[in-house]
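Subject: A structure for you to explore

Hello,

Here is the structure I promised to pass on to you. Please open it beside this email and follow along as you read.

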Amino acid sequence: MEEITTLSLSEVNQATDTTQARSEVLIEDNSTGIIIPGQVLEAAIKVDARRYLLFVTDDVIFEEMLTLLLLDLSQGIVEELTIGSAYTSGYFEALTVSPCSASFRFIGDTTWTVKVSLSPTLKLFFSDPRGVSRPMGLRKYIDISANPAPARADGRR
């Protein structure tokens with residue numbers, strides 16, 4: 001895995017009161033035809049020859065959510081997950097990429113680590129850290145962990 005700067009977003013639809021902004025993914029300013037939710041590309045990681053891991057936000061002050069998207073150039077969005085919740089604010093920062101994982105900070109003093117597998121693995125319900133949401137399903141490619149665990153609304157971990 002390696003961080004890249006040749007991937008960018010071009011806004012397709014602006015956010016409304018009820019819908020998230022949507023953007024097209026560009027690689028070296030060339031259209032991919034892949035439309036994703038989100039407006040601001042925080043970072044992009046090339047996982048392998050055909051897959052990319054994107055970190056996207058919506059530029060909403062005081063209620064920022066971070067969306068992680070695993071893209072395949074031939075399939076589009078393979079997996080999506082979101083970190084955050086209502087009335088929380090966070091900044092995406094301190095991205096560190098290694099050959100097998102990526103770590104970053106978002107919301108409080110939590111360091112998040114993601115790993116992308118080559119093939120899908122079984123997704124166990126309630127196995128993601130607090131604050132992570134993803135669509136229902138039985139398989140996943142993205143493993144995510146948090147250290148320390150994010151605090152609950154009452155401040156406890």
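This is a predicted model: local features need pLDDT of at least 70, side-chain atom pairs count only at pLDDT 80 or more; totals for chains, interfaces and linings use all residues.

**Salt bridges**

D48 has a charged partner: its side chain meets that of R51 in a salt bridge, with 2.9 Å from N to O. R51 is buried, at a relative accessible area of 7%. The general idea is simple: side chains of opposite charge can pair when their charged atoms come close.

How many salt bridges does the structure hold? There are five. Another of them joins the side chains of R105 and E93, at 4.0 Å from N to O. R105 sits in strand β10 (residues 102–105) and E93 in strand β9, so this pair ties together parts that are 12 residues apart in sequence. R105 is partly exposed, at 29% relative accessibility, and E93 is partly exposed too, at 40%.

K140 and D143 also meet through their side chains, at 2.6 Å from N to O. Here K140 counts as buried, with 8% relative accessibility, whereas D143 counts as partly exposed, with 36%.

**Strands and how they pair**

Now look for an open sheet of four strands, which come in the order β9-β10-β11-β13 with antiparallel pairing. From one strand to the next, the twist averages 20°.

Within this sheet, β11 (residues 111–122) runs antiparallel to β13, and eight bridges join the two.

Next, find β7 (residues 66–72) and β8 (residues 76–83), an antiparallel pair with seven bridges. These two strands form a hairpin, with three residues between them. D72 has G76 of β8 as its bridge partner. β8 is also joined to strand β12 (residues 132–133), by two bridges and again in the antiparallel sense. There you can see T82 standing opposite S133 of β12.

**The nonpolar cores**

In soluble globular proteins, nonpolar side chains tend to be buried together. Which residues touch the most other members of the largest nonpolar core here? This core has 22 residues, and the ones in question are L53, F55, L66, L68, I83, F104 and V114. The elements that give two or more residues to the core are β5 (40–46), β6 (51–57), β7, β8, β10, β11 and β13.

Leaving aside residues up to four places away in sequence, I83 touches M65, L66, L68, F104, F106, W112, G131, V132 and I144. There is also a second, separate core, made of 12 residues, including I4, I34, I36 and L54.

Enjoy looking around, and write back with any questions!

Best wishes

Key
Residues are numbered from 1 along each chain as its sequence is written. Side-chain values use heavy atoms; hydrogens and water are left out. Two strands pair if DSSP finds at least two bridges between them. Axes are lines fitted to C-alpha atoms, for helices over the stretch in contact, and angles run from 0 to 180 degrees between N-to-C directions. Buried means under 20% relative accessible area, exposed over 50%, partly exposed in between (1.4 Å probe, protein chains only). A nonpolar core is a set of buried Ala, Val, Leu, Ile, Met, Phe, Trp, Tyr and Cys residues joined through side-chain atoms within 4.5 Å. Contact means heavy atoms within 4.5 Å.
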